[in-house]
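Colleague: I have a model open and want to learn how to read its features. Can we go through it step by step?

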Amino acid sequence: MQNGKLIWHVACDESGIDGQKFYGFGSLWMKYQRRGDFVRIIRDLRNQHNYFNEIKWNKAHKKDCANFYEDLVDTFFKHEWLAFHCIVIRKGLVDKSFHDGDYDLAMQKHFTKLIQTKIATVKKAHPKRLSEFRIEVDPLPFRYQKADEAFHIIANRMLKSTFGEAPIRSVITKDSKDSEHIQIADFLLGAVMSGFQRRASSPAKINVARFIASYLGWTDLSYDTRPSERKFNIWYFYDPTKGPREIETKDVSLKYKLPGKILS
């Protein structure tokens with residue numbers, strides 16, 4: 001891996017597509033060879049806390065699970081080879097005229113834009129290395145039955161026009177129950193979305209979201225980050241033609257500082 005191909009594993013999930021004020025897509029990133037380490041770490045956390053339920057944001061409301069989720073957050077930030085990147089969109093500001101009058105098409109484009117942009121960032125950071133991306137998604141919430149195949153083709157086509165190659169090796173749809181990678185993406189995205197939606201269904205969830213924010217040097221998760229933020233990146237998709245920007249971009253001060261480029 002030091003001089004050969006860089007292979008990345010990316011797990012994706014969505015939130016807020018059921019008519020809420022904001023919707024978003026989240027992605028958990030790691031090097032492909034770290035998958036075994038990831039499975040071991042999550043297994044150890046589960047055993048330590050006797051927690052064997054699905055890891056999801058909507059399950060973070062139980063007080064007796066608070067220690068597990070806090071340790072999960074600490075583990076995510078402590079391991080430099082894990083990263084979370086998401087995009088958040090205010091539905092009311094989406095100009096449907098650019099999407100054939102269809103919110104569903106707009107959401108498909110925003111999901112593709114997130115992954116395409118992040119892959120492009122990785123490739124630009126390692127211009128002399130071949131990079132390959134293997135993506136797993138919770139069933140995509142779009143009307144088109146083969147949405148995962150369409151995303152694979154469209155994203156690769158756009159990336160090939162820039163880099164001369166199609167770097168996405170595979171896109172596999174999995175039920176989140178069968179993928180702890182997707183579960184962690186769901187959990188972190190749900191916390192971010194609770195900050196944007198300005199609501200959480202329980203005090204326990206509010207505490208978890210604030211706990212995550214503290215690892216960024218923030219008091220809550222109602223901000224977005226600068227594009228260069230590598231560890232925990234929140235991208236608010238802002239349309240400057242729609243008036244003043246309602247979301248403040250805030251500098252991140254990580255509890256666990258990152259070193260230089262991560263290659264292993």
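Modeller: Start with a definition. A salt bridge is a side-chain nitrogen of Lys or Arg within 4 Å of a carboxyl oxygen of Asp or Glu. Keep in mind that this model is predicted.

Colleague: How many salt bridges does the structure hold?

Modeller: It holds 13. Take K56 and D186: their closest N and O atoms are 3.3 Å apart.

Colleague: What does that pair tie together?

Modeller: K56 sits in the loop between α1 and α2 (66-78), and D186 in helix α5 (residues 180-197), so the bridge ties together parts 130 residues apart in sequence.

Colleague: Are K56 and D186 buried or exposed?

Modeller: Buried means under 20% relative accessible area. K56 is buried, and D186 is buried too.

Colleague: Which residues are joined by salt bridges that share partners?

Modeller: K5, E132, R134 and R169. They form one network.

Colleague: Where do D44 and R40 lie?

Modeller: Both are in helix α1 (residues 35-49). They are 4 residues apart, about one turn of the helix.

Colleague: Why does D44 count as partly exposed?

Modeller: Because its relative accessible area is 37%, and partly exposed lies between the buried limit of 20% and the exposed limit of 50%. R40 is partly exposed as well, at 38%.

Colleague: And what holds for D37 and R34?

Modeller: Their side chains meet in a salt bridge at 3.0 Å, N to O. D37 is partly exposed at 24%. R34 is partly exposed at 22%.

Colleague: Now the sheet. What is the general idea of strand pairing?

Modeller: Strands of a sheet pair through backbone hydrogen bonds, either parallel or antiparallel. Here, an open sheet of 6 strands runs in the order β5-β4-β1-β2-β3-β6, with mixed pairing. The edge strands are β5 (168-173) and β6 (232-236), each pairing on one side only. Neighbouring strands are turned by 20 degrees against each other on average, direction ignored.

Colleague: In which sense do β3 and β6 pair?

Modeller: Parallel, over 5 bridges, with β3 covering residues 83-90.

Colleague: Which strands does helix α4 lie across?

Modeller: Helix α4 (residues 147-163) lies across β4 (131-137) and β5. The helix runs at about 160 degrees to β5.

Colleague: Which residues form a nonpolar patch on the surface?

Modeller: I153, I154 and M158, with about 240 Å² of accessible area together. I154 is in helix α4. I154 counts as partly exposed, because its relative accessibility is 39%.

Methods
Residues numbered from 1 in each chain as written. Predicted model: local features only at pLDDT ≥ 70, side-chain atom pairs only at ≥ 80, totals over all residues. Heavy atoms only, no water. Pairing = 2+ DSSP bridges. Helix = DSSP H or I, 4+ residues; strand = E, 2+ residues; numbered from the N terminus. Axes fitted to C-alpha atoms, helices over the stretch in contact; angles between N-to-C directions. Contact = heavy atoms within 4.5 Å. Patch = residues over 30% accessible without salt bridge, like charges linked within 9 Å, V, L, I, M, F, W, Y side chains within 5 Å. Areas by Shrake-Rupley, 256 points an atom, 1.4 Å probe, with all protein chains shown as cover. Buried < 20%, exposed > 50% of the residue type's maximum accessible area, 1.4 Å probe, protein only.
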